[in-house]
Amino acid sequence: MGAVVLAVLAAVPAQAAGPVHGGPHAHRPHAPQWRLEDGGTPDVRFRGLSAVSRRTAWVAGTGGTVLRTTDAGASWRNVSPAGAADLEFRDVEAFDARRAVVLAVGEGEASRVFRTDDGGATWTESFRNTDAGAFYDCLAFFDHRHGLAVSDPVNGKFRALSTSDGGRSWKVLPDRGMPAAQPGEAGFAASGQCLVTAGPRDVWLATGGGARARVLHSADRGLTWRAADAPLPAGDPAKGVFALAFRDRTHGLAVGGDYRPDQASPDASATTADGGRTWRPSATPPPAYRSGAVWIPHTRASALAVGPTGTDLTTDGGRNWRTVDTGSYDTVDCAWDGGCWASGEKGRIARLGD
């Protein structure tokens, strides 16, 4: 299925127009592109996305909004938790069409976790942050039971929250194995991809805002971490690594830059082939800030990166990127069966299709 996805994007000319039904490429039946799906929520920004399959996906965003489709985007059901209208969801991790966990971000009690086991018909609040100094940015799961959520530094160190029952309960992990944060260093709750996993125990955390952009890696589900510098823009609260993607325990991508629209973002992507111990800048990075990234399933060297100014494709493991779409997206995800989805501002939700 990955070869099909790759062929889809490779067929799109560089700097292609954004995916609007009836647009300039609509008359080309074999000119595949992102296809916008109408979620009926034009005022919501969806930074949280979880692709379950080609037919099933979940998105989460502003106004406490959660949507779910089980028919490849033909229809979307609003399954938002009751009473969550004042919350901002920035991450969602779905196990299937019925089970999902969402993260609300913000200072103090604004950071919360909810879980559903019935497709969003009901939700249970399983965590509410009570530390005024904590701000949770992202969550990720190793499997259906074990997962982590990470907060910006508290008392000089990033804080990790752990679950071993699928997000039904959480506990703060000791910070003895966490390296000291740099002054101003934090995670970016931009796409739900500042924290990612590969395999049963490995997890990586992307950071910015400090003097150096960094990627922290743990090989024991968050108990101990090691930090590595990443050659992405740094030295400003708006700069750093915004998203990570690992196709296995060793091969990874980092994207980011400067999220301010009036600022250039040169050298805003990097690769690793040693599990994040060292990072190399891309020879031809995306042309602008990118907030989301994902490996294309069943390929060894192909991936997508998205941001407000477009989608980029690499077919050589992140060394070189080319723009294949100019629509605005914040995050991107692909399922095991090759179903790829993207979402972002103004209620934009899209799937890869022809």
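Start by selecting Cys334 and Cys340, which form a disulfide with their sulfur atoms 2.0 Å apart. Keep in mind that this is a predicted model. Look along the S-S bond: with 105° about it, the link of Cys334 and Cys340 is right-handed. Both Cys334 and Cys340 are buried.

How many disulfides does the structure hold? It holds 2. For the other stop, select Cys138 and Cys194, which a disulfide joins at 2.0 Å from S to S. The link of Cys138 and Cys194 is right-handed, with 130° about the S-S bond. Cys138 lies in strand 10 and Cys194 in the loop between strand 13 (171-172) and strand 14 (195-198), so the pair ties together parts that are 56 residues apart in sequence. Now check the surroundings of each cysteine. Cys138 is buried, with a relative accessible area of 0%. Cys194 is buried too, with a relative accessible area of 1%. Number the bonded cysteines of the chain in sequence order, and the pairing reads 1-2, 3-4.

## Ring pairs

Next, turn to the aromatic rings. The count comes to 12 aromatic pairs. Select Phe95 and Phe141. Is this pair edge-to-face or stacked? The ring centres of Phe95 and Phe141 are 5.0 Å apart and their planes stand at 85°, so the pair is edge-to-face; planes over 60 degrees apart count that way. The pair links distant parts of the chain, 46 residues apart. Phe95 sits in the loop between strand 6 (88-94) and strand 7 (100-105), and Phe141 in strand 10 (residues 136-141). Phe95 is buried, with a relative accessible area of 14%. Phe141 counts as buried as well, at 11% relative accessibility.

Move on to Trp204 and Phe246. These two form a stacked aromatic pair, 3.6 Å centre to centre, with 10° between the planes. Trp204 lies in strand 15 (residues 202-206) and Phe246 in strand 18 (residues 239-246), so the pair ties together parts that are 42 residues apart in sequence. Trp204 is buried, and Phe246 is buried too.

Now select four residues together: Phe188, Phe242, Tyr259 and Tyr289. They form one aromatic cluster.

## Arginines over rings

Select Arg348 and Tyr329. Arg348 lies over the face of Tyr329, at 4.6 Å from the ring centre. Then select Arg221 and Phe142. Here Arg221 lies over the face of Phe142, at 5.8 Å from the ring centre.

## Positive phi angles

Stay on Arg221 and look at its backbone. Most residues other than glycine have a negative phi. What is the phi of Arg221 near? It is near 60°, a positive value in a residue other than glycine. Trace the chain on either side: Arg221 is in the loop between strand 16 (214-218) and strand 17 (226-229). Arg221 is partly exposed, with a relative accessible area of 21%.

The last stop is Ala72. Ala72 is not a glycine, yet it has a positive phi of about 65°. Where does Ala72 lie? Look in the loop between strand 4 (65-69) and strand 5 (77-78). Is Ala72 buried or exposed? At 16% relative accessibility, Ala72 counts as buried, because buried means under 20%.

Methods. Residues are numbered from 1 along each chain as its sequence is written. This is a predicted model: local features need pLDDT of at least 70, side-chain atom pairs count only at pLDDT 80 or more; totals for chains, interfaces and linings use all residues. Side-chain values use heavy atoms; hydrogens and water are left out. Rings of Phe, Tyr and Trp (its six-membered ring) pair if their centres lie within 6.5 Å; planes under 30 degrees apart count as stacked, over 60 as edge-to-face and the rest as tilted. Helices (H or I, at least four residues) and strands (E, at least two) are DSSP runs, numbered from the N terminus. Buried means under 20% relative accessible area, exposed over 50%, partly exposed in between (1.4 Å probe, protein chains only). A charge sits over a ring if NZ of Lys or CZ of Arg is within 6 Å of the ring centre and within 35 degrees of the ring normal. A disulfide is a pair of cysteine sulfur atoms within 2.5 Å.
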